[in-house]
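Work through the exercises below with the sequence and the model side by side. Try each task before reading its solution.

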Amino acid sequence: MEKARKENAEAKEEFERNSKKQKDRLQELNEQLKKAKQDIEELKKKEEEAKKVRAAEDENRRSQLDDLARKIEDMEGEIRETESIERKLTTELVQAKIVWEQKKEVDEKTISDKSSQLKDLKSSKQRLDTKNSRAQRRNERNKSKE
């Protein structure tokens, strides 16, 4: 009986040790569970904050896109206006070039005519100079004969 009591006492001690180990393990698991719940709550809060940040960033991007769309529309208007001015200036340039070409032709003809007139005048002057020189020599001979 003594042996049974001793075995019973040992079994009771082992049971209490195992029971304490299980209680410690249970407490450790409860603490881990509590920490996991806290981590989940923190993650939920962070996720909500991230959603708010993403929403703000999305709104900011939409606003920037709207601004860019307006700028693009303004630029397109400026491009159309510039193209219109360019077409007008091109037309004026072509007209000015035509006028310049016509004036150039008239100037070239005038220069050619004046050049011909100058040649004719030089030729006439040379003939007159020759005649005049002959006439002077004749006059001088006639005067010397007298």
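Predicted model: local features only at pLDDT ≥ 70, side-chain atom pairs only at ≥ 80, totals over all residues.

Residues are numbered from 1 along each chain as its sequence is written, and side-chain values use heavy atoms, with hydrogens and water left out.

**Exercise 1.** Find the salt bridge partner of Arg61.

Solution. 
- A salt bridge needs a side-chain nitrogen of Lys or Arg within 4 Å of a carboxyl oxygen of Asp or Glu.
- Asp58 is the partner, with the closest N and O atoms 2.6 Å apart.
- Both residues, Arg61 and Asp58, lie in helix H1, three residues apart, about one turn of the helix. Helices are DSSP runs (H or I, at least four residues), numbered from the N terminus.

**Exercise 2.** Decide whether Asp113 and Lys109 are buried, partly exposed or exposed.

Solution. 
- Buried means under 20% relative accessible area, exposed over 50%, partly exposed in between (1.4 Å probe, protein chains only).
- Asp113 has 35%, so Asp113 is partly exposed.
- Lys109 has 52%, so Lys109 is exposed.
- The two side chains meet in a salt bridge, 3.5 Å from N to O.

**Exercise 3.** Name the residues that make the nonpolar surface patch of about 290 Å².

Solution. 
- Patch residues have over 30% relative accessible area and no salt bridge; nonpolar side chains (Val, Leu, Ile, Met, Phe, Trp, Tyr) are joined within 5 Å, like charges within 9 Å.
- Leu65, Leu68 and Ile72 make the patch.
- Check Leu68: its relative accessible area is 46%, so Leu68 is partly exposed.
- Leu68 sits in helix H1, residues 2–145.

Conventions
Areas by Shrake-Rupley, 256 points an atom, 1.4 Å probe, with all protein chains shown as cover. Helix = DSSP H or I, 4+ residues; strand = E, 2+ residues; numbered from the N terminus.
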